[in-house]
Amino acid sequence: MSISSLNAAEQTFTFSAGVNMIWLDQTLAWNKTEYDDIENVTISADYVRVPSVVIPNGIDEVRLDSVKSSLIQNNGEASVIITDTFKTSCQIDITMNPFDEQQCSMMLMPSGNFYLGVDMAGSIMGGVPTFFIGNNEWKLVDLYAYVEDVPMGRIPNLVKFDFCLKRKSMFYIVSIIFPMTLLSLLNACVFLLPADSGEKMFYLISIFVSYAVFMNFVNDSIPKSGDVCRLSVYLTLVICQSCLAIITTMASLNVRSNSLLFKSETGVQPMNDEVTTNSTERPHSKSASK
């Protein structure tokens, strides 16, 4: 068993698993004492009537058709192990992305007038095989199996397997959130640069372009739907901060430029500037006469 992918953009869940299906067919029973005490046989599934089961939420393949052989007991109990790669639809909520948890399901429904059941109901995480292969983006938190009654005429019930998945968010923290936080702090540092350096606007535009690159990366990784994730909201807010920093810097540079132009035209000097004058007058000396 392994989890292949959970595509948020396409709303699909792909995994590989094996389904062990057991049923009782009295027409397949025999008396083992009459056949050299043979208790079970393995024959091709082409010679055995295998109950038809469909996957209602399946994509590409909706039937369990990958049956090669079946094991039949002398009491009429037959079993098959179906191993395949399943692809099902999954409604993904991206509001808490990248700190989200998703629940995807696989449903099995009989296509005839018979009932389906499960050996273990509720959490079957303990039954997950030791050779389970995890995913580098999603962690399997729990696995549930239960039977639901479906009042749909010839369809009496269905079996549902719920996969509880949690996203591994360390990649997003290191690659997106942490760099964006640093860029947000660098935006505020623009007011520490002297206005005469002439590098303020180039500094802010470079940060703004970095924001746009990160925004495109995030938009490619989330589905195009009406829901908005909090990561996109955070990136939008920091872009607004960058725009406000650019507008504020332009206004301050404009005010400073107009102030310098006014001083050059009127000749008004600041109060703290020293005015030097060349004077040719001689100082007067007073003498006292008796």
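This is a predicted model: local features need pLDDT of at least 70, side-chain atom pairs count only at pLDDT 80 or more; totals for chains, interfaces and linings use all residues.
Arg 167 is buried, with a relative accessible area of 7%.

What does Arg 167 pair with? One partner is Glu 137, and the two side chains meet in a salt bridge at 3.0 Å, N to O. Arg 167 belongs to strand S10 and Glu 137 to the loop between strand S8 (122-123) and strand S9 (138-152), so this pair ties together parts that are 30 residues apart in sequence. Glu 137 counts as partly exposed, at 27% relative accessibility. Arg 167 also forms a salt bridge with Asp 100, where the closest N and O atoms are 2.7 Å apart. That pair links distant parts of the chain: Arg 167 is in strand S10 (residues 155-167), and Asp 100 is in the loop between S6 and S7, 67 residues apart. Both Arg 167 and Asp 100 are buried. Through shared partners, the salt bridges join Asp 100, Glu 137 and Arg 167 into one network.

The count of salt bridges comes to three. One of them joins the side chains of Lys 32 and Glu 39, at 3.4 Å from N to O. Lys 32 is partly exposed, with a relative accessible area of 30%, and Glu 39 is partly exposed as well, at 42%.

I turn now to the cysteines. The model has one disulfide, between Cys 90 and Cys 104, with an S to S distance of 2.0 Å. The torsion about this S-S bond is about -75°, so the disulfide is left-handed. Cys 90 lies in the loop between strand S6 (77-89) and strand S7 (101-110), and Cys 104 in strand S7, so the pair ties together parts that are 14 residues apart in sequence. Both cysteines, Cys 90 and Cys 104, are buried.

Finally, helix H1. This helix bends by about 30° at Ile 177, and Pro 179 follows within four residues. Its buried residues are Tyr 172, Ile 176, Met 180, Leu 183, Ser 184 and Asn 187. On the surface, Phe 178, Leu 182 and Leu 185 form a nonpolar patch with about 310 Å² of accessible area together. Leu 182 is located in H1 (residues 170-188) and is partly exposed, at 40% relative accessible area.

Definitions and conventions: Residues are numbered from 1 along each chain as its sequence is written. Side-chain values use heavy atoms; hydrogens and water are left out. A disulfide is a pair of cysteine sulfur atoms within 2.5 Å. Helices (H or I, at least four residues) and strands (E, at least two) are DSSP runs, numbered from the N terminus. Buried means under 20% relative accessible area, exposed over 50%, partly exposed in between (1.4 Å probe, protein chains only). Patches are made of residues with over 30% relative accessible area and no salt bridge: like charges are joined within 9 Å, nonpolar side chains (Val, Leu, Ile, Met, Phe, Trp, Tyr) within 5 Å. Accessible areas come from the Shrake-Rupley method with a 1.4 Å probe; for residues, only the protein chains shown count as cover. A salt bridge is a side-chain nitrogen of Lys or Arg within 4 Å of a carboxyl oxygen of Asp or Glu. The bend at a residue is the angle between axes fitted to the seven residues ending there and the seven starting there.
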